[in-house]
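Biologist: I would like to learn how to read a model like this one. Can we take it feature by feature?

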Amino acid sequence: MRRTLRDLRAFLVGPDPAVHPRTRLGRSLPLVAAVAAVLSGLLSYEYLHGNGGGSGFYRTLVSILTAAPIALLPTRPLLAWRFAWVVSLWTGLTLDLSDGTPWPWQPLQVLLFPLILAVVSIRHRRGVLVWVFASALVLVLAFTDPENVAGLVLGVVAVMVIGDQIRRRREVQRALAEEEERTELAQARRAVAEERNRIAREMHDVVAHHMSLIAVRAETAVYRIEGVPPAVAEELAAIAGTSREALAEMRRLLGVLRGADQPAPTEPQPVLDDLAGLVRDAREAGVEVAFAPLPGARVPPAVGLAAYRIVQEALSNARRHAAGAPVRIALTRDRGALRVRVHNGPGVAEDGGGAGHGLLGMRERAAAAGGTLTAGPVADGYLVEAILPLDDDGDGAE
């Protein structure tokens, strides 16, 4: 009952749904409707004049009121129906057309009724449509010839059912589009989380290696250095113990990050020098690759790992999205940073390096190393460029 009353209130005084004209045609509809209303008013006046429609003032007033809903229809269809209904009720009570007409309305009104009903059915929910149909039924029963009632009612029902189905189809399509957008967003977030977990698992080996060196060097310092004071020896032992505890904590954290179905890796993580092997494998797979390595480069393991994974993903994207296009890989040192450039093309597909999760993973790789990554189409293909900061002048030991 409460919902029915709410629908009745919406029918009587409720606002029309917001209209967002997105095209030039949509923005011009109100102006076109206003011009059509003027022309329709003139035609209505001529019809009334030729059928004894009363005085000139009456004909003018009826013509204006009859054509006014046309101007309201593009943006306020429910208001247009209210206006048309009141005018139809008034003309039905006052207009006396020639004998033999099946209803006391002029042709413009008869043509407007189904048009307004169709637009209202497309724009408003079903509860409001029930009251719109009831108001239309009042006019049909009150002013039409009984022989025409059944046909008119069927026509009104058909128009409103078709409009309602169009509205429901649009709502379903809109809901599907929103659900697809939410799904894509969730997939992107999950891909980022998975990539971050993968980076954390790989970085474990890098960090564990350094911490193991700290522990070993702290434990063996008293044997490698003569005359170590007892206090210093005790401090070194404490450093070694703390390092081993940190290693144990890292192993437990790694167990959380690695799923039960993910076996522990048995081979070391790749470094910058392993790019030569990656390029060789790509060439054997049929990719034309030009590789410009960085001679004598010694970079931190985390930076080398990030650069390797970025180039690996960029080569994979090049094979998927630009099969047969040449690929150029260049490594340079620029202002205390390692610059990695992977260019493929010409002959790149429109989606270039891919707009999927691969780019997200590369950006996460660069961010984990404290750097940045840009990717996008260029004049002669597609370019992936990463800037990864180095320790000091880039000569950090591995």
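Biologist: Start with the overview. How many helices and strands does the secondary structure of the chain come to?

Modeller: Keep in mind that this is a predicted model. The chain has 11 helices and five strands.

Biologist: What share of the 398 residues is buried?

Modeller: Buried residues make up 37% of the chain.

Biologist: And what percentage of contacts between residues at least 6 apart in sequence join residues at least 24 apart?

Modeller: That figure is 73%.

Biologist: Now helix pairs. How do I describe two packed helices?

Modeller: Take helix α4 (residues 77-94) and helix α6 (residues 126-143). Their axes come within 11 Å and cross at roughly 15°. Angles under 35 degrees count as roughly parallel, so α4 and α6 are roughly parallel to each other. Their crossing is left-handed.

Biologist: Which residues of α4 and α6 make the contact?

Modeller: From α4, the contact takes Leu78, Trp81, Trp85, Ser88, Leu89, Gly92 and Leu93. From α6 come Val128, Val132, Ser135, Ala136, Val138, Leu139 and Phe143. By class, the residues of this contact are 11 nonpolar, three polar and no charged.

Biologist: At what angle do α4 and α5 pack?

Modeller: The angle is about 150°, with the axes 9 Å apart. Over 145 degrees counts as roughly antiparallel, so α4 is roughly antiparallel to α5. The crossing of α4 and α5 is left-handed.

Biologist: Which residues make the contact between α4 and α5?

Modeller: On the α4 side they are Pro77, Leu78, Ala80, Trp81, Ala84, Val87, Ser88 and Thr91. On the α5 side they are Gln109, Phe113, Ile116, Leu117, Val119, Val120 and Arg123. The classes come to 11 nonpolar, three polar and one charged.

Biologist: Let me try a single residue. Is Leu108 buried or exposed?

Modeller: The cut-off for buried is under 20% relative accessible area. Leu108 has 16%, so it counts as buried. Leu108 lies in helix α5 (residues 107-123).

Biologist: Another one. Where does Leu247 lie?

Modeller: Leu247 lies in helix α8 (residues 230-257). Its relative accessibility is 5%, so Leu247 counts as buried. Leaving out residues up to four places away in sequence, Leu247 touches Ala208, Met211 and Ser212. Leu247 and Met211 are 36 residues apart along the chain, and their C-alpha atoms are separated by 7.1 Å.

Biologist: On to cores. What tends to happen to nonpolar side chains in soluble globular proteins?

Modeller: They tend to be buried together. Here the largest nonpolar core has 34 residues, and Leu338 and Leu388 touch the most other members. Elements giving two or more residues to this core are α9, α10, β2, β3 (337-344), α11 (357-368) and β5 (381-389). The most come from α10, with nine residues.

Biologist: Which residues does Leu338 touch, not counting those up to four places away in sequence?

Modeller: They are Leu272, Leu294, Val303, Ala307, Leu331, Thr332, Ala386, Ile387, Leu388 and Leu390. Another core, of 24 residues, lies apart from the largest one. Its members include Ala10, Trp81, Trp105 and Ala136.

Biologist: Which residues of α9 are buried?

Modeller: In helix α9 (residues 275-284) they are Leu275, Gly277, Leu278, Val279 and Ala282. Their cover includes β1 (289-292), α10 (301-321) and β2 (327-333). After α9 comes Gly286, with a positive phi near 100°.

Biologist: How do the axes of α9 and α10 cross?

Modeller: They come within 10 Å and cross at roughly 10°. That makes α9 roughly parallel to α10. Leu275, Leu278 and Ala282 of α9 meet Ala307, Tyr308, Val311, Gln312, Leu315 and Arg319 of α10. This contact has seven nonpolar, one polar and one charged residues.

Definitions and conventions:
Residues are numbered from 1 along each chain as its sequence is written. This is a predicted model: local features need pLDDT of at least 70, side-chain atom pairs count only at pLDDT 80 or more; totals for chains, interfaces and linings use all residues. Side-chain values use heavy atoms; hydrogens and water are left out. Buried means under 20% relative accessible area, exposed over 50%, partly exposed in between (1.4 Å probe, protein chains only). Helices (H or I, at least four residues) and strands (E, at least two) are DSSP runs, numbered from the N terminus. Contact means heavy atoms within 4.5 Å. A nonpolar core is a set of buried Ala, Val, Leu, Ile, Met, Phe, Trp, Tyr and Cys residues joined through side-chain atoms within 4.5 Å. Axes are lines fitted to C-alpha atoms, for helices over the stretch in contact, and angles run from 0 to 180 degrees between N-to-C directions. Angles under 35 degrees count as roughly parallel, over 145 as roughly antiparallel, 65 to 115 as roughly perpendicular and the rest as oblique. Ala, Val, Leu, Ile, Met, Phe, Trp, Tyr, Cys and Pro count as nonpolar, Asp, Glu, Lys and Arg as charged, and the others, Gly among them, as polar. A crossing is left-handed if the near helix is turned anticlockwise from the far one by less than a right angle, and right-handed if clockwise.
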